[in-house]
Amino acid sequence: MPRQAQASQRTAGAIPAYQRIKNYVLQQIRSGIWTEGAVIPTELALCKQFSVSRMTVHRALRELTADQVLLRYQGSGTYVAPAKIPATLIEIRSIAQDIRDRGHQHSCKVLQLQQLQASSAQAKRFRLRAGAPLFHSLIIHYENEIPIQLEDRLVDARRVPEYLQQDWSQMTPNEYLMRVAPDPTGLYTIEVKLPSADTAEPLDIPLDQPCLVLDRVTFSSDAFTSQAVMWYPGNRYKLAGKI
C-alpha cells in the first residue's frame with residue numbers, strides 16, 4: 001500500500017467512529033448532495049456503511065440533531081434541517097433617516113449638553129475607569145413637529161472629543177458617531193416603562209402613557225463609544241423589522 005494511503009488510513013483510524021459519521025453527514029450537506037428537507041440514510045444503513053454498532057450511529061445522529069443540523073421524527077426518519085439564517089432585531093439607523101424615508105420632516109431640540117464623569121456603575125458597564133470623562137446630550141426628536149423620541153446619550157469624551165461642538169440640527173448624534181466610530185457592535189435591551197415628569201414633559205405625554213424604551217450600548221474596535229437610552233411614546237411609535 002502506498003505511504004500516503006497508509007497515512008490516510010491511520011488518520012481515519014485515529015478519529016472516533018461516531019465523529020467520522022458526523023463528518024460524513026456534514027460533508028454530504030455542505031456539498032449539496034443532501035439538501036434541506038432531504039431524508040438521510042437509516043441508522044441500519046449507516047451501520048453497514050461504516051461497519052459500526054447502532055449505538056455509535058445513534059450517538060452521531062443525536063449530536064447532529066442537538067446542533068440543529070438534522071431533524072429526527074419518531075417512526076418517520078431523519079431529515080436535513082433548514083439552514084440557520086442570521087438576523088438582527090435592531091439595525092443601528094438614524095431616526096432622522098427613518099423619518100425621511102416616510103416622506104416626513106425631521107427636526108430636533110437640544111435640551112442639554114454637558115460633560116460628566118463616569119460613575120463606578122457606568123465605568124463597570126462601559127469598561128472605563130471611574131471618573132473617566134463623558135459627554136452627555138439630551139435631545140428631543142420631532143416628526144412633522146410631533147415629538148416621537150427623547151434621546152438621552154452618553155459618549156466617551158476621549159474617543160469623540162468634538163461631540164459637544166456639533167450642530168445637531170444638521171446631523172443626528174447617531175449619524176455623527178457612525179462617521180467617527182464606524183462598524184459598531186453592542187448590546188441593547190427593550191422595555192415598556194412609564195415616564196418620569198422630566199421625560200413626559202418634552203414628549204408632551206401624560207405620566208400614565210407607557211413608553212417603549214430602547215437602551216443601547218455601542219462599541220467600536222472593542223472600545224466603548226456611546227450609550228443611548230431612547231424613549232418612544234407608546235401611542236405614537238411601534239417597533240418594526242424584517243424576518
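User: Hi! What covers the buried residues of helix 4?

Analyst: The cover includes helix 2, helix 3 and strand 1. Contact here means heavy atoms within 4.5 Å. Helices (H or I, at least four residues) and strands (E, at least two) are DSSP runs, numbered from the N terminus. This is a predicted model, in which local features need pLDDT of at least 70 and side-chain atom pairs count only at pLDDT 80 or more, while totals for chains, interfaces and linings use all residues. Residues are numbered from 1 along each chain as its sequence is written, and side-chain values use heavy atoms, with hydrogens and water left out.

User: OK, which residues are buried in helix 4?

Analyst: Val57, Ala60, Leu61 and Leu64 are buried in helix 4. Buried means under 20% relative accessible area, exposed over 50%, and partly exposed in between (1.4 Å probe, protein chains only).

User: Where do they sit around the helix?

Analyst: Looking down the axis of helix 4, you find its buried residues within an arc of 90°, so they line one face. The arc is that of the directions from the helix axis to the C-beta atoms. The face turned away from the buried side carries the exposed residues Met55 and Ala66.

User: How far apart are the end C-alpha atoms of helix 4?

Analyst: They are 18 Å apart, which agrees with the 18 Å that its 13 residues should span at 1.5 Å a residue. The expected span is 1.5 Å times one less than the number of residues.

User: And what comes after helix 4?

Analyst: Gln68 follows helix 4, and its phi is positive, near 65°.

User: Let's switch to helix 2. Which of its residues are buried?

Analyst: In helix 2 the buried residues are Tyr18, Ile21, Lys22, Val25, Leu26 and Gln28. They cover an arc of only 160° around the axis, which puts them on the same side of helix 2. Their packing partners are helix 3 (43-50), helix 4 (54-66) and strand 1 (70-73).

User: What is Lys22 linked to?

Analyst: Lys22 belongs to a network of salt bridges with Arg59 and Glu63. A salt bridge is a side-chain nitrogen of Lys or Arg within 4 Å of a carboxyl oxygen of Asp or Glu.

User: How many salt bridges does the structure hold?

Analyst: It holds 8 salt bridges. In one of them, the side chains of Glu43 and Arg54 meet at 2.9 Å, N to O. Glu43 lies in helix 3 and Arg54 in helix 4, so this pair ties together parts that are 11 residues apart in sequence.

User: Are those two buried or exposed?

Analyst: One of each! Glu43 is buried, with a relative accessible area of 12%, whereas Arg54 counts as exposed at 53%.

User: What about Arg153, which partner does it have in a salt bridge?

Analyst: Its partner is Glu151, with the closest N and O atoms 2.6 Å apart. Both Arg153 and Glu151 are buried. Another salt bridge joins Lys193 and Glu191, where the closest N and O atoms are 3.7 Å apart. Lys193 counts as partly exposed at 34% relative accessibility, and Glu191 is partly exposed too, at 41%.

User: How many bridges join strand 4 and strand 5?

Analyst: Strand 4 (residues 133-143) and strand 5 (residues 146-156) pair over 10 bridges in the antiparallel sense. His141, for instance, stands opposite Gln149 in strand 5.

User: Which residues does Asp156 touch?

Analyst: Asp156 is found in strand 5 and counts as buried at 3% relative accessibility. Leaving aside residues up to four places away in sequence, Asp156 touches Leu128, Pro133, Leu134, Phe224 and Thr225.

User: Last one: how many helices and strands does the chain have?

Analyst: The chain has 8 helices and 8 strands. Of its 243 residues, 37% count as buried.

How values were computed:
Two strands pair if DSSP finds at least two bridges between them.
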